[in-house]
Amino acid sequence: GGVIGRYCDQPEQFPGVAHFHTMRVNQPAAKYYKTDFLRSLCDLWDFRGSGLTNMHGSTGDIVFLGTRTEQLEEIFFELTHNLNTDLGGSGSNLRTPECCLGESRCEWACYDSQELCYQLTMEYQDELHRPAFPYKFKFKFDACPNGCVASIARSDLSFIGTWRDEIRIDQEAVAAYSGGEIAPNGGAHAGKDWGKFDLQKEVIDLCPTECMWMEDGKLKINDKECTRCMHCINVMPRALRIGNDRGLSILVGAKAPILDGAQMGSLLVPFIKAEEPYDEIKEVIENIWDWWMEEGKNRERIGETMKRMGFQRLLEVTGIKPMPQHVQEPRTNPYIFWKEEEVPGGWDRDIADYRSRHQK
């Protein structure tokens, strides 16, 4: 993986581009670079390739455009031995994991997305380099529900930071926002006079679950109804803070419309602590892979396998117990399927006993 073969079908006529292979290079977590590293990449590609690069591909990779077959091994050796980096993923394998800035810069980060991204990249290097899956598989890591790398829409397994206690409220700061002493949205809309900030109109009325209200001059939140949409926190960052009991949610099955239409990720694990060595997270990943490699059709993403075989089957293979958060739309399916081992006494019934309890 990491090398995408490109050949011209008229090499005699265009010998300069008879070979024009693309190479994907694993980007640093959150795309933090030093200038000498970027210069080293450019020098390598000027020497071994066309000099054309793409910063960055859709999944985040550094993309080297255009080289010949005889240069591939030389480039790989230089990247791994001298530049301390590696190729990314291409083909039917684990694609290059990507993460947001996380705790390095974001005050709303609920876990260290850079560290988890790095650890899983190192753990699953074999799956990155050697295509063995039915089709591509992407990890993306959003440290908070704002979703700066859009993991919920474009990754087979997305890790989205969340918290499970209450939003912390500074009532004095709420009053300061209402009084105009603090600019809403961190001053992001200061280029135009939008009029006086209206807490009711701009925050409370826009809450998707209507879990906020004012009472005796104080802002109240019913945290059990909160879906972590982040709107109120984004508008009033100095008044509202994320909770302290932090972790992440795991969603599965997002993809672009290749075979069966676009899909958003479906919630698989509502909350899990993101703590080293991340064994619980790795167990979920590997259970999904084992099932998908056995049941997935060729060029079928995990979201399509899940849709074809049912979310219930995914819960079984991951060992996760069904819970209300897994229900997206209640009562759309009139059938409930039970297995014999789930029914007390199994399928065998005494008809006389049944009729004694159900008289005609």
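1. Starting with the term for the holes: on a 1 Å grid over the protein atoms alone, a cavity is a set of points where a 1.4 Å probe fits but cannot get out, while a pocket is an open set with protein on both sides within 12 Å along at least five of seven lines; lining residues have an atom within 4 Å of a point. Points are joined across faces, edges and corners, and a volume is the space filled by probe spheres set on them. By that rule the structure holds one cavity of 30 Å³ or more.

2. A word on the basis. This is a predicted model, where local features need pLDDT of at least 70, side-chain atom pairs count only at pLDDT 80 or more, and totals for chains, interfaces and linings use all residues. Numbering runs from 1 along each chain as its sequence is written, and side-chain values use heavy atoms, with hydrogens and water left out.

3. Now the second largest pocket, at about 520 Å³. Of its 20 lining residues, Gln27, Pro28, Asn84, Thr85 and Tyr118 are the closest to the centre. Helix α3 (residues 113–123) supplies the largest share of the lining, five residues.

4. The open sheet has five strands in the order β5-β6-β7-β12-β13, with mixed pairing (two strands pair if DSSP finds at least two bridges between them). β5 (98–99) and β13 (266–272) are the edge strands, each with a single partner, so one side of each lacks a neighbour in the sheet. β5 runs parallel to β6 (residues 139–142) over two bridges, with Cys99 partnered by Phe141.

5. Follow Phe141 across and you reach β7: Phe141 stands opposite Phe159, in a parallel β6–β7 pairing of four bridges. On the β12 side (residues 246–252), β7 pairs antiparallel over seven bridges, and there Phe159 stands opposite Ile250.

6. How many residues of β7 are buried? Seven of the seven in 157–163, so the strand is largely enclosed by the rest of the structure; buried means under 20% relative accessible area, exposed over 50%, and partly exposed in between (1.4 Å probe, protein chains only). Leu157, Phe159, Gly161 and Trp163 are buried on one side, and Ser158, Ile160 and Thr162 on the other. In a regular strand the side chains alternate between the two faces of the sheet.

7. β1 and β2 pair antiparallel over two bridges, with Val3 opposite Met23. β2 also runs antiparallel to β4 (residues 62–65), joined by four bridges, where Thr22 stands opposite Leu65.

8. Val17 counts as partly exposed because its relative accessibility is 37%. Together with Phe14, Phe20 and Leu52, Val17 makes a nonpolar surface patch of about 330 Å².

Definitions and conventions
Patches are made of residues with over 30% relative accessible area and no salt bridge: like charges are joined within 9 Å, nonpolar side chains (Val, Leu, Ile, Met, Phe, Trp, Tyr) within 5 Å. Accessible areas come from the Shrake-Rupley method with a 1.4 Å probe; for residues, only the protein chains shown count as cover. A salt bridge is a side-chain nitrogen of Lys or Arg within 4 Å of a carboxyl oxygen of Asp or Glu.
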